[in-house]
Each structure stands twice: as structure tokens, then as C-alpha cells.
Amino acid sequence: MEIREIEIKDNQAMESIIKRSLESFKLDIPGTAYFDPQLGELAQFYAQEKDASYWVAVNEAEEVVGGVGMASFDREQQVCELQKLYVKPEYQGQGIAVKLMSVALAFAEKHYDYCYLETSKKLEAANRLYSWFGFDQLDQPFGQSSHFTMDAWYMKDLRQGIDKS
């Protein structure tokens with residue numbers, strides 16, 4: 001499994017993975033990534049953002065099977081946001097999300113002091129993964145976000161290093 005930065009040719013595959021995943025949890029509703037205007041152009045979106053990137057996991061057949069993004073959330077407070085971590089269902093449970101998270105957090109450590117993320121309590125495996133990576137659950141959202149449907153929020157102090165790889 002190769003992890004690399006997203007390319008324009010990967011946009012459609014990642015949009016499909018994200019939408020199918022959200023649909024499977026009945027999260028294809030306003031206030032989720034499902035309606036993000038840049039969803040079909042992730043490569044272009046992350047390329048234009050400062051200190052941001054999106055990575056995809058690609059199998060031996062060059063098929064995109066998952067991805068994750070990192071971008072600024074609150075530049076003044078040195079907070080980035082882990083965004084759009086999704087893996088195709090048939091590839092889940094194989095450590096791909098762990099590899100994607102490790103790449104994203106290593107990048108974040110070079111540019112930010114804290115990493116924030118928003119998710120849904122329905123995504124139990126994802127919530128366990130975030131805790132395993134040392135994210136602390138918050139009681140309320142941090143700052144302003146368009147993902148008002150999310151009901152679980154996490155923050156990680158990147159100055160302490162990442163323990164997983």
C-alpha cells in the first residue's frame with residue numbers, strides 16, 4: 001500500500017469513497033463533509049492552501065482506497081484540522097487509517113502546535129482510532145466550522161510528539 005499526495009486524477013475516487021461512507025452511516029446530510037463545495041476537487045483545494053495537504057492510500061493496482069487531509073483551522077493559535085479520513089469498507093481493518101493518520105500527523109507536527117478534528121459518535125472505529133493516537137475528546141466544538149452536524153470533537157497537542165507509526 002502506497003501513501004502519496006493526492007493528484008487531480010484521484011479526485012473522483014476520493015469523492016466517491018467519502019460520499020459512500022457517509023451514506024452508509026446516514027450522514028449524507030447538511031453539516032457534514034458530504035456537502036463540502038471542494039469535495040470533488042480535493043487536489044486543487046489542498047494545493048492552494050498554505051501548510052495543507054491531502055494524502056491517498058493506493059493499492060498495487062493503483063486504485064485509491066482511502067485518504068486523509070490536514071489544513072489550517074486557526075492559524076493564530078497554531079491549530080490545524082485533520083480532515084476527511086476515509087477508507088473503503090473492504091480495506092478497513094488493515095491498518096490503512098493508521099498509516100494515513102501517521103503521515104498526516106507527522107506533517108502537522110512540522111507546521112502546527114495542535115490538531116483538531118470533528119466527527120460523529122456514530123463512527124465508533126474512527127473515535128477509537130483518534131483516542132489511540134492521543135487525541136483528547138472535547139465537550140464542545142473548537143471555533144467555527146461548517147460541519148455543525150458533528151457531535152464529537154477532539155484535540156491533540158502536537159508538541160508532545162506522535163507515538164504511533
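**Ground rules**

I am working with a predicted model, where local features need pLDDT of at least 70, side-chain atom pairs count only at pLDDT 80 or more, and totals for chains, interfaces and linings use all residues. I number residues from 1 along each chain as its sequence is written, and side-chain values use heavy atoms, with hydrogens and water left out.

**Entry: arginine 4**

I started with arginine 4 and found it in strand E1, residues 2-5. For the element names, helices (H or I, at least four residues) and strands (E, at least two) are DSSP runs, numbered from the N terminus. Is arginine 4 buried or exposed? Arginine 4 is buried, because its relative accessible area is 12%; buried means under 20%, exposed over 50%, and partly exposed in between, with a 1.4 Å probe and protein chains only.

Next I looked up what arginine 4 touches. Leaving aside neighbours within four places in sequence, arginine 4 is in contact with Lys9, Asp10, Tyr54, Trp55, Val56 and Val58 (contact means heavy atoms within 4.5 Å). I also checked isoleucine 29: it is 25 residues from arginine 4 in sequence and 29 Å away in space, C-alpha to C-alpha.

**Entry: salt bridges**

I used this rule: a side-chain nitrogen of Lys or Arg within 4 Å of a carboxyl oxygen of Asp or Glu. The count by this rule is 10 salt bridges. As background, side chains of opposite charge can pair when their charged atoms come close.

Which residue does lysine 9 meet in a salt bridge? The partner of lysine 9 is glutamate 7, at 3.5 Å, N to O. Arginine 4 also pairs with glutamate 7, at 3.8 Å, N to O. Glutamate 7 counts as partly exposed at 35% relative accessibility, while lysine 9 is exposed at 59%.

Elsewhere, aspartate 51 forms a salt bridge with arginine 75, with the closest N and O atoms 3.5 Å apart. This pair links distant parts of the chain: aspartate 51 is in the loop between H2 and strand E2 (53-58), and arginine 75 is in the loop between E3 and E4, 24 residues apart. Salt bridges that share partners join Arg4, Glu7, Lys9 and Asp10 into one network. Arginine 75 counts as partly exposed, at 37% relative accessibility.

**Entry: glutamine 38**

I placed glutamine 38 in the loop between helix H1 (11-24) and helix H2 (42-48). Glutamine 38 is buried, with a relative accessible area of 16%. Not counting residues up to four places away in sequence, glutamine 38 touches Phe45 and Lys84.

**Entry: the largest pocket**

I then turned to the largest pocket, which is lined by 44 residues; Lys84, Leu85, Tyr86, Thr119 and Tyr130 lie nearest its centre. On a 1 Å grid over the protein atoms alone, a pocket is an open set of points where a 1.4 Å probe fits, with protein on both sides within 12 Å along at least five of seven lines, and lining residues have an atom within 4 Å of a point. Which element gives the most to the lining of the largest pocket? E4 does, with seven residues.
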